[in-house]
Amino acid sequence: MVSDRSLVNIRQDVLAKCPTGIQGFDEITAGGLPKGRPSLVCGGPGCGKTLFGMEFLVRGATEFDEPGVFVSFEERPEELAQNVISLGWNLQDLETNGKLLVEYVQVERSDIEETGEYDLEGLFIRLASAVDAIGAKRIVLDTVESLFAALPNELILRSELRRLFRWLKDKGLTAMITGERGDRNLTRHGLEEYVSDCVIDLNVRVKSDIATRRLRIVKYRGSRHGTNEYPFLIGATGFSVMPITSINLDYATLMERVPSGVERLDTMLGGSGYYKGSSVLITGTAGTGKSSLASAFAQSICATGGKCLYFAFEEAVSQILRNMSSIGINLGQWVDAGLLKFHASRPTTFGMEMHLLTMYNMVKEFNPSAVIIDPISNLSSVGNEEEVKSVLTRFVDYLKGRGITTLFTDLTSGKTAGEYTEAAISSLMDTWILLRNIETNGERNRALFVLKARGTDHSNQVREFVLSSQGLELTDAYLGPEGVLMGSARVAQEVRAQAESMRRSQELKGRTRGLETRRAMLEAQMASLKQEVICLDEEVEMFKVEAMAQDDALAKGRDDMARIRKAD
């Protein structure tokens, strides 16, 4: 059994990390580069080795208060400063504040002669002076091939490389050494990767005339790390690595609803719209109104004070604004208010992974409450179905983890079934709305179905989807003897039904008037008969009174006669 004291010792023995500050890189390396050890960054020309090393130093100086030394064997300090000024890095200010020192070491082949013992003592003295001058904690050597280019003797080369790496370790410096890719090895000499504690491979791949930069952690002694290839982008602020190849399904499930932008669609979805943080898919053939529904959703989000990020892969922003204004959706006002942001580009501008990284960075920067991608089917031009699904799966999981409601549109072919998506991502979606063009009586009309809405008691009815200058409207499709009627056929049938209803109403009114007249006559007759009954009752009473008076008179007469006769 392991004691608590042993556990403490184990934790203390865990390799210390030096955070680079490079977006995403520290995540895939579980903390950054090995602290106080040398790391190798290798790759071909144009992959970003020098920039990677410079950002490591700049972030260290500005974010972690760790001064650094950049040793260049190829570019002069003024050239380096000019190259990175577009990223917002002012190397002169950092040097003035004692946070950075750029040291240029010129190595000429004619200066190196293999006479006797060749060593790097002169370089060590120069490096030590630079490190001590600013109290450096970090150092970058760019590039190591320039230092040993004139040494054909492999034994001397290996020995001096080990000495260099050992010297850096003894100084306690977190070092980054850049190296050029070799023909058969990661580096030109094939030795640097063996004496480095961490090896990072940068490469640029070109597929279908589209270049994508990728990063891979080849090895990392004493630490766990991501083993996949990760796309990275060199943007306006430096490196951005996309470390979301695998994400756990542990994000929160929200009960709050957000409106769809079409009131009756909200009713079809249980009365309140989409679930917040859910993913919504709208599919249909060309001209069915997918972008219109997406724009209505964007407007509803902005109207409630939320921010929406709209990725358009098919139309220019000005064209979207113009087209939506024709159906009563004014998106321009939300753009001006800073609540709606468009990013319009052709999918062929970048590779799949670069699109993912671009969207990831824009979401992180803009922090929207809703994201629209219109349409995802255009991404198939830069990747196959598997690649598109992989990218969208990661993006959906990332957005759900941030509680962002996402709406995707997907253009389907008229030759395929309606319940089909080009990227086969319908299983990832929480809500799936299908739009169709239905041709009847010489015209095409739009129909809307809710194929699924997880967690919602949604409608199973078909609605006619109408686009007009007044906006978007869902109407009941007329179900008559001839089947479902839409468009002018529905209007004509509704007119006929209205006329029939009016005829029946008039007929009912006429019959009602006749019955009311007859009832009035009967009521009059009943009143007359009732009066006659009352009269008869009065006559009966009078007859009874007269009879009683006659009886009384006869009785009195008999009594009088008896007295006269003195009857006893």
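These are my notebook entries on what I looked up in this structure.

**Entry 1: the chain as a whole**

I began with the overall picture, keeping in mind that this is a predicted model. I found 16 helices and 24 strands in the chain. The chain has 568 residues, and buried ones make up 46% of them. Next I looked up the accessible surface, which comes to about 29700 Å². Carbon and sulfur atoms own 50% of that surface. Then I checked contacts between residues at least 6 apart in sequence, and 70% of these join residues at least 24 apart.

P375 lies in the loop between β17 (370-374) and α15 (385-401).

**Entry 2: positive phi without glycine**

I looked up D65 next, and its phi is near 55°, a positive value even though the residue is not a glycine. D65 sits in the loop between α3 (49-63) and β4 (68-72). Is D65 buried or exposed? I read 52% relative accessibility for D65, and the cut-off for exposed is over 50%, so D65 counts as exposed.

N367 also has a positive phi, about 55°, and is no glycine either. I found N367 in the loop between α14 (352-366) and β17. Its relative accessibility is 48%, so N367 counts as partly exposed.

**Entry 3: a hairpin**

How many residues lie between β21 and β22 in their hairpin? I got two residues. Strand β21 covers residues 463-468 and strand β22 covers residues 471-476. The two strands pair in the antiparallel sense over six bridges.

**Entry 4: aromatic rings**

I counted seven aromatic pairs. One of them is F52 with F239, which is edge-to-face: the centres are 5.0 Å apart and the planes are at 80°. This pair links distant parts of the chain, with F52 in helix α3 and F239 in strand β11 (residues 238-241), 187 residues apart. I checked how covered they are: F52 has a relative accessible area of 0%, so F52 is buried. F239 is at 2% relative accessibility, so F239 counts as buried.

Why is the pair of F124 and W167 called stacked? Their ring centres are 5.3 Å apart and their planes are at 5°, and planes under 30 degrees apart count as stacked. This pair also links distant parts of the chain: F124 is in helix α6 (residues 121-134) and W167 is in helix α8 (residues 154-170), 43 residues apart. F124 is buried, with a relative accessible area of 5%. W167 is at 14% relative accessibility and counts as buried.

I also noted a cluster, in which ring pairs link F25, F52, F232 and F239.

**Entry 5: charges over rings**

Last, I looked for charges sitting over rings. The charged end of R257 sits over the ring of Y275, 4.0 Å from its centre. K307 lies over the face of F366, at 4.2 Å from the ring centre.

Note on methods. Residues numbered from 1 in each chain as written. Predicted model: local features only at pLDDT ≥ 70, side-chain atom pairs only at ≥ 80, totals over all residues. Heavy atoms only, no water. Helix = DSSP H or I, 4+ residues; strand = E, 2+ residues; numbered from the N terminus. Buried < 20%, exposed > 50% of the residue type's maximum accessible area, 1.4 Å probe, protein only. Contact = heavy atoms within 4.5 Å. Areas by Shrake-Rupley, 256 points an atom, 1.4 Å probe, with all protein chains shown as cover. Pairing = 2+ DSSP bridges. Phe/Tyr/Trp six-rings, centres within 6.5 Å; stacked < 30°, edge-to-face > 60°. Lys NZ or Arg CZ within 6 Å of the ring centre and 35° of its normal.
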